[in-house]
Amino acid sequence: MPAGELKVGQLVYSRAGRDQGRPFLVWQLAGPGRVYLVDGKLRRTSKPKLKNVLHVQAVNRVATAIAARLKQGEVVTDAEVRRAIAQLLETEQA
């Protein structure tokens, strides 16, 4: 999956590594084939996880409010990231 398909704020699942199966939000695109991920718990906004895009499974859901705030350069807290992931997971199961 090319990095161009992933968007900031998009919900993804880790496919490889010790965090396999965990949901994350794309925090930042880090060049060709790499993204920074956060979940607000293990991977906080202060220390996002750099991951190869081949090791993530994209979900067609985006936290648009968080993406817009990041684009404007505003601070997004870990609690807001956790809340956004929970809301996206609820809509996915519905």
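## Terms and model

A residue is called buried when its relative accessible area is under 20%, exposed when that area is over 50%, and partly exposed in between. By this rule, E90 and Q93 of helix α2 are exposed, and they sit on the face of the helix turned away from its buried side. The model described here is predicted.

## The sheet

Five strands form an open sheet in the order β4-β3-β2-β1-β5, and their pairing is antiparallel. The edges are β4 (49–52) and β5, each of which pairs on one side only. Averaged over the sheet, neighbouring strands are turned by 45° against each other, with direction ignored.

Strand β1 covers residues 10–14. On one side, β1 pairs with β5 (residues 56–62) in the antiparallel sense over 4 bridges, and V12 stands opposite A58 of β5. Strand β1 also pairs with β2 (residues 23–29), again antiparallel, over 3 bridges. Here L11 has L25 of β2 as its bridge partner. L25 is in turn the bridge partner of V38 in β3, within the antiparallel pairing of β2 and β3 (residues 34–38), which runs over 4 bridges.

## S14 in strand β1

Strand β1 is mostly covered, with 4 of its 5 residues buried. S14 belongs to this strand. Its relative accessible area is 4%, under the 20% limit, so S14 counts as buried.

The side chains of S14 and D19 are joined by a polar contact of 2.7 Å. Leaving out residues up to four places away in sequence, S14 touches D19, Q20, G21, R22, F24, K51 and H55. F24 in this list falls within the residue range 23–29 of β2, and K51 within the range 49–52 of β4.

## Helix α2 over the sheet

Helix α2 (residues 78–93) lies across β1, β2, β3 and β5, and runs at about 120° to β2.

The buried residues of α2 are D78, V81, A84, I85 and L88. Viewed down the helix axis, the buried residues fall within an arc of 120°, so they line one face of α2. An α-helix has 3.6 residues a turn, so residues three or four places apart point the same way. The cover over the buried residues of α2 includes β1, β2, β3, β5 and helix α1 (64–71). On the face turned away from this buried side are the exposed residues E90 and Q93.

Is N52 buried, exposed or partly exposed? Its relative accessibility is 23%, which lies between the limits of 20% and 50%, so N52 counts as partly exposed.

The side chain of N52 reaches the backbone nitrogen of L54 at 2.8 Å. Apart from residues up to four places away in sequence, N52 touches G33 and R34. G33 is 19 residues from N52 in sequence, yet their C-alpha atoms are 5.7 Å apart in space. R34 falls within the range 34–38 of β3.

Notes:
Residues numbered from 1 in each chain as written. Predicted model: local features only at pLDDT ≥ 70, side-chain atom pairs only at ≥ 80, totals over all residues. Heavy atoms only, no water. Helix = DSSP H or I, 4+ residues; strand = E, 2+ residues; numbered from the N terminus. Buried < 20%, exposed > 50% of the residue type's maximum accessible area, 1.4 Å probe, protein only. Polar contact = N/O pair within 3.5 Å; in protein donor to acceptor, adjacent residues only side chain to side chain. Contact = heavy atoms within 4.5 Å. Pairing = 2+ DSSP bridges. Axes fitted to C-alpha atoms, helices over the stretch in contact; angles between N-to-C directions. Arc of directions from axis to C-beta.
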